[in-house]
Amino acid sequence: MNTDGLNALYARVTAPAAPAVPLARRERRRGGEGFPTVPAGGLEWSPMEVAAALFEAGADNELGGRVPTTDDLYRVLRASVAVLGPAGLAQVVATFAVFELGEFRETDTCRTFAYRLALSFWYAGARSRPMTAGEAAVALYLSDAYRHHQVDAVTARRAPLLVSRAIRQGAALLPTPTLMRLGEAMGREFAAPASPGEVVTAGRDWLYRQALPDYHRRRFCFALLWADVCQPSPLIVRLDGAGYALGATPPAGPDGTWLRPVRVGW
């Protein structure tokens, strides 16, 4: 489908509310910082401190071994900070920082949890999250790079920045709520069930079928971006005053990869 056809389809979707203050001016990172701090208990905590607090609380056991939402993690963090206090947390950090990446599964998990919370508090007056595999795949499908056959499996491995630029370029072609809608439909079509009893249904959204008509291209884009977490992708931002926007592309997580979940997890 050409750009005019896509624009005609998107015109039938409610336009997003524009942020009153540009997102670039809402970033909570200070100069020279790779990540913003996370507010909890009236103070601001670095990702290392957040990871240590979650580790001390036994976050992976506290959450029953399931994949937590970001709100779940924030609840555990606030409870842990309230119990430890600044002095207690400083002692925990001194111990936690000794553990190297890959040494223990529990510490690695808490570092990833802290990364998720840092992404969530990337902007003032908003919450943010990584793109899902479906959303990133929709953006790649719609990008000029894929449309001109510049992206295949080999290119994706050798030139991740090309794929990353294609994701952002494709995502910018449509309103963020529409990207989320199409990404959710793609996830329904290709993602495995979250639990043994869950039934996965193919995406039947009319806009999804019209905007992304090529099944083989849809499947390729989803499979690529679900499996390859070394491809950077921008954040999805939920503004406190209502509406959604496309955010910045954050640095990689502690293991050198980007989070790309199958399902939305605010």
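These legends go with a set of close-up views of the model.

The model is a predicted one, in which local features need pLDDT of at least 70 and side-chain atom pairs count only at pLDDT 80 or more, while totals for chains, interfaces and linings use all residues. Residues are numbered from 1 along each chain as its sequence is written, and side-chain values use heavy atoms, with hydrogens and water left out.

**View 1. Helices α2 and α4 cross at about 105 degrees.** Here α2 (residues 47-56) packs on α4 (residues 70-96), their axes 7 Å apart. Helices are DSSP runs of H or I with at least four residues, strands are runs of E with at least two, and both are numbered from the N terminus. The axes are lines fitted to C-alpha atoms, for helices over the stretch in contact, and angles run from 0 to 180 degrees between N-to-C directions. That makes α2 roughly perpendicular to α4; angles of 65 to 115 degrees get that label, under 35 is roughly parallel, over 145 roughly antiparallel, and the rest oblique. On the α2 side, the residues in contact include M48, V50, L54 and F55, and they meet α4 residues, among them L73, V81, L89 and F96. Contact means heavy atoms within 4.5 Å. By class, this α2 contact with α4 has 16 nonpolar, one polar and two charged residues. For that tally, Ala, Val, Leu, Ile, Met, Phe, Trp, Tyr, Cys and Pro are nonpolar, Asp, Glu, Lys and Arg are charged, and the others, Gly among them, are polar.

**View 2. V81 sits in helix α4.** At 8% relative accessibility, V81 is buried. Buried means under 20% relative accessible area, exposed over 50%, and partly exposed in between (1.4 Å probe, protein chains only). Leaving aside residues up to four places away in sequence, V81 touches A40, G41, W45 and A53. L54 is 27 residues from V81 in sequence, and their C-alpha atoms are 8.9 Å apart.

**View 3. An open sheet of three strands runs in the order β3-β4-β5.** The pairing is antiparallel; two strands pair if DSSP finds at least two bridges between them. β3 (126-130) and β5 (244-246) take the edges with a single partner strand each, so one side of each has no neighbour in the sheet. Neighbouring strands are turned by 25 degrees against each other on average, ignoring direction. Lying across β3, β4 and β5 is helix α10 (residues 176-190), which runs at about 90 degrees to β5.

**View 4. Strand β3 is mostly covered.** Five of its five residues are buried: A126, S128 and P130 on one side, R127 and R129 on the other. Five bridges tie β3 to β4 (residues 235-239). Among the bridge partners, A126 goes with L239 and P130 with L235.

**View 5. T132 lies in the loop between β3 and α6 (133-142).** T132 is buried, at a relative accessible area of 3%. Not counting residues up to four places away in sequence, T132 touches R260, P261, V262, R263 and V264. As for α6, 10 of its 10 residues are buried, so the helix is largely enclosed by the rest of the structure.

**View 6. C110 and C221 are both buried.** C110 has a relative accessible area of 1%, and C221 comes in at 0% relative accessibility. The structure holds zero disulfides, a disulfide being a pair of cysteine sulfur atoms within 2.5 Å.
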